[in-house]
Amino acid sequence: MFSSTTIKKTYFLILLTLFISCSTESEYTTLAEDLTNAELQSTLIKLSGNLNYYILPNSTDYSKIPSDPKNPITEEKVLLGQLLFHETGIGLEGKTETNKETYSCASCHHSAAGFQSGIQQGIGDGGMGFGIAGESRIIDPLYTEDMIDVQPIKSPTVLNSAYQKLMLWNGQFGATSKNIGTEANWTEGTPKAVNQMGFEGVETQAIAGLSVHRMALDKAFCDANEYSSLFDKAFPDVAITERYSLVYAGLAIAAYERTILSNDTNFQNWLKGDLNAMTPTEKKGALLFFGKAKCYQCHNGPALNSDEFYALGMKDLEGPNVYGIIDDVTKKGRGGFTNKTSDNYKFKVPQLYNLTDVQFFGHGGSFTSIKEVIAYKNIATHENTEVSASELSGKFSPLHLSEEEVDLIATFIETSLSDKNLNRYTPGALPTGLCFPNADPSSRADMHCN
């Protein structure tokens, strides 16, 4: 006996065959597209309940952008934060006089590299040069390796960071969500102590990062460079004695970072109703991403990310262009912060937009293409010998994808999730008149900035 479902499917296939046999090539192509669109819509609705679940809001629609209740997004904060994020003039704690006022937050998180650094290990103070997308930044000859400002892990993007409760690969910044219960690890005298202020991750990281990355400002600087009025408009209810500080600079930067959304991509436009925004190849990749490959199990929601942590056995930073010591705490990822062995080697799930703007992938930048990462997860053989098989995530198992299927998923991520105009989030000029994201002579020459 055949089930009613089987009979219905058979009946549908007969009708479809009859339609196709009587259709022109143009009508057949249109039908195939309609069926693919319907299948992808159905798949996404089944996973989320509503296509709107995946739509990133407009950057000025502050009511729809996730925000920290303790730091509401306002137009005034965003304007101030955008300028401070790119302001090389606050790079005042450099190790040499010649490097002061030559670096900014954007040195390691600029629009040309999808708000990442453009190189395997970002360089703030002590770096020079830019190239086209940050790929030519190197160490200033006046600096020794122990003087430069580098991190022992790949600089994560701030793109779509509004959809993260916790920041950094190990999630150490943020006083809410999964960090409730980790208070004993908010060590005094370290950047983690900023968690004690009670903010979410974006705000905590922005405040802590300014000091970590050798920034400074005060009322005199603000008065001299027209920032005082911007702080006054952004934080009118804050006491004058506290207003012009790195804390409120960080809160403004965080408000700005939350508005940096890759909301003009083929996939986003398809979600909003333009069913021709993605090509048939892109749609096939999307169907695999949200279907057979089960990428959605980790990468979901508007930013295709999550605040979960998984051990996938990827390598840490290494290579000829990596500086400093990669310490054991960093290597242990989430476990290095929580001190729980069950969290060892787990790293936060990253967002997936604008990855074609960078050349290195993974927390250690050990992959040089999106296809390499997908192929790595497809085979599920870990590359980091310091991580034992028993410490790997249960989700790290073979996907049984063909090479063609790997290519299709890579096309979806590379093409459908690429916003070509991230430059809209950069200012036209800075109050100080300095160049950005870097202002050293080599960078200025690269960027044709006087």
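This is a predicted model: local features need pLDDT of at least 70, side-chain atom pairs count only at pLDDT 80 or more; totals for chains, interfaces and linings use all residues.

Residues are numbered from 1 along each chain as its sequence is written, and side-chain values use heavy atoms, with hydrogens and water left out.

Q: How many helices and strands does the protein chain have?
A: Helices (H or I, at least four residues) and strands (E, at least two) are taken as DSSP runs, numbered from the N terminus. Counted in this way, the protein chain has 15 helices and 4 strands.

Q: What is the radius of gyration of the protein chain?
A: The radius is taken over C-alpha atoms, and the globule rule is 2.2 Å times the number of residues to the power 0.38. For 450 residues that rule gives 22 Å, and the chain comes close to it, so it is as compact as a globular protein of that length, with a radius of gyration of 24 Å.

Q: What share of the residues in the protein chain is buried?
A: Buried means under 20% relative accessible area, exposed over 50%, and partly exposed in between (1.4 Å probe, protein chains only). Of the 450 residues in the protein chain, the buried share is 54%.

Q: Which kind of aromatic pair do F85 and F115 form?
A: Rings of Phe, Tyr and Trp (its six-membered ring) pair if their centres lie within 6.5 Å, and planes under 30 degrees apart count as stacked, over 60 as edge-to-face and the rest as tilted. By this rule the count comes to 15 aromatic pairs. For F85 and F115 the centres are 6.4 Å apart and the planes 55 degrees, and the pair is tilted.

Q: How many residues apart in sequence are the parts that the pair of F85 and F115 ties together?
A: Both F85 and F115 are buried. F85 lies in helix α3 (residues 75-86) and F115 in the loop between α3 and β1 (127-128), so the pair ties together parts whose separation in sequence is 30 residues.

Q: Is Y62 buried or partly exposed?
A: Y62 lies in the loop between α2 (25-48) and α3, and, not counting residues up to four places away in sequence, Y62 touches I73, T74, E75, V78 and T259 (contact means heavy atoms within 4.5 Å). Because its relative accessibility is 21%, Y62 counts as partly exposed.

Q: Which residues are in contact with D343, leaving aside its neighbours within four places in sequence?
A: D343 lies in the loop between α12 (334-338) and β4 (347-348), and at 14% relative accessibility D343 counts as buried. Leaving aside those neighbours, D343 is in contact with K332, R334, G335 and T338.

Q: Which helix do the buried residues of α13 pack against?
A: In helix α13 (residues 370-379), the buried residues are I370, V373, I374, Y376 and N378, and the helix is followed by A380, whose phi is positive, near 60 degrees. The buried residues of α13 pack against α14 (403-416).
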